[in-house]
Amino acid sequence: MDSSKKVNSFFRKESPCASPKYFKYNRRMKQKILIVGAGFSGAVIARQLAETNNFKIIIIDERDHIAGNCYTKRDAETQIMEHVYGPHIFNTNNEKVWNYIQKFGELVPYTNRVKAVTEKGIFSMPLNLLTINQFFNKQFNPREAEAYITRNGDSAIIDPQNFEEQALKLIGKDLYENFFKGYTIKQWGCDPKDLPASILTRLPIRFTYDDNYYHSKFQGIPKDGYTNIISRMLDHPHIKVKLNTKYSKDKHVGFNHIFYSGPIDAYFQFSLGRLAYRTIYFKKNVFEGEDYQGNSVINYCAETIPYTRIHEHKHFTPWEKHEKSIYFQEYSKETQDGDLPFYPKRLAADIKLITQYRNIAEKEDNITFIGRLGTYRYMDMHHVIDEALQISQSFIENEKAYFPKFFNPKPKHD
């Protein structure tokens, strides 16, 4: 019997107390929990519930592997640890999250130093004192650089209403057009004027020579890959994982509660319309030499170059040695049927639509929507883990019959 038949037979085993009403008022019995999605959201919740000894958990995932978009594996030809769905550098200021993930695998300290190819040359990112001095052919100290950038900014823009206005106000036309305009059009597939101004706050300007892409206290990459960490999280006698298993509502039967980390619009079969996402895809190449580009990530900012960046995966594990290399050209496009949704666009129409989906979700029984796709929010790995820890703790402590469809997290640490 294949895995899909096994899991379907499991779901058909209805107990005498399988109705939602029964579950609502028997919270003290040993509960059966269904988790949809074997990424960080589902894995953390599963592990936390399993350790209480009061829950039995089934995790299903339609892919043939665990770890979601953090999935890593050894490239068959080179044995390099491959970030299959794009680079993931773990970074956080939340010590609790940092310590938690290391219970399941060692994180080796790692500094992400990104380079950017522009029409005027190659520079370090994010924008920093070296970038400014090289780009403008100056020798500014921090105070001079800050004053110069302020003068270059568009002072006529008082209240930026979109990404482009925010950029022009903060850094001026030259830096915006060379570093951000073309890259943003490729990444988001729309005019930067259609994007919210808040996006640019994720790309800080530094008036020091610090070229660390992140500004987090804790930064690292799992020594044995993210898949190993998720695997160890799910290695518990009260957790069963069923891969190659697509979710459908008939699978609710026999479970006290469902944690759903798939796309919320897909849960409702797109009945109100589709939420907009960007997806990414890669062209993988093997390089016969030891080093293809000399850095882990290089952005290509010009709109005329079709890909957004190239990442060379051996640089994510500098403690390993390999005779060959692999590199990925990364492309961005609108999500269509069959594509994996990556980045919620959250334009005005999407905000209206997610509000409508949340309203009808409140009428569902015994389900909580979790993670980036389930809640239609941009979340980094550390945010996902932090929120999953909060959700599971609240669920364990909750003595009421009702658990919210959407968890209201505490303020983020970073």
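Colleague: Which strands make up the open sheet with parallel pairing, and in what order do they stand?

Modeller: This is a predicted model, in which local features need pLDDT of at least 70, side-chain atom pairs count only at pLDDT 80 or more, and totals for chains, interfaces and linings use all residues. Residues are numbered from 1 along each chain as its sequence is written, and side-chain values use heavy atoms, with hydrogens and water left out. The sheet has five strands in the order β10-β2-β1-β11-β17. Strands (E, at least two residues) and helices (H or I, at least four) are DSSP runs, numbered from the N terminus.

Colleague: What makes β10 and β17 edge strands?

Modeller: Each has a single partner strand, so one side of β10 (239-242) and one side of β17 (367-369) lack a neighbour in the sheet. Pairing requires that DSSP find at least two bridges between two strands.

Colleague: How do you know that β1 and β11 pair?

Modeller: Four bridges link β1 (residues 31-36) to β11 (residues 257-260) in the parallel sense, and the threshold is at least two bridges. V36 has Y260 in β11 as its bridge partner.

Colleague: Why is K56 called partly exposed?

Modeller: Buried means under 20% relative accessible area and exposed over 50%, with partly exposed in between (1.4 Å probe, protein chains only). K56 has 47% relative accessibility, and therefore counts as partly exposed. K56 belongs to strand β2 (residues 55-60).

Colleague: Is H383 buried or exposed, and why?

Modeller: H383 counts as buried because its relative accessibility is 14%. The residue lies in helix α12 (residues 381-397).

Colleague: What makes the pair H383 and H382 a polar contact?

Modeller: Their side chains meet at 3.2 Å. The definition asks for a pair of N or O atoms within 3.5 Å; within protein, one must be able to donate a hydrogen and the other to accept it, and residues adjacent in sequence count only if both atoms are side-chain atoms.

Colleague: Why is α5 called roughly perpendicular to α7?

Modeller: The axes of α5 (residues 129-136) and α7 (residues 163-188) come within 12 Å and cross at roughly 105°. That angle makes α5 roughly perpendicular to α7, since the class covers 65 to 115 degrees, whereas under 35 is roughly parallel, over 145 roughly antiparallel and the rest oblique. Axes are lines fitted to C-alpha atoms, for helices over the stretch in contact, and angles run from 0 to 180 degrees between N-to-C directions.
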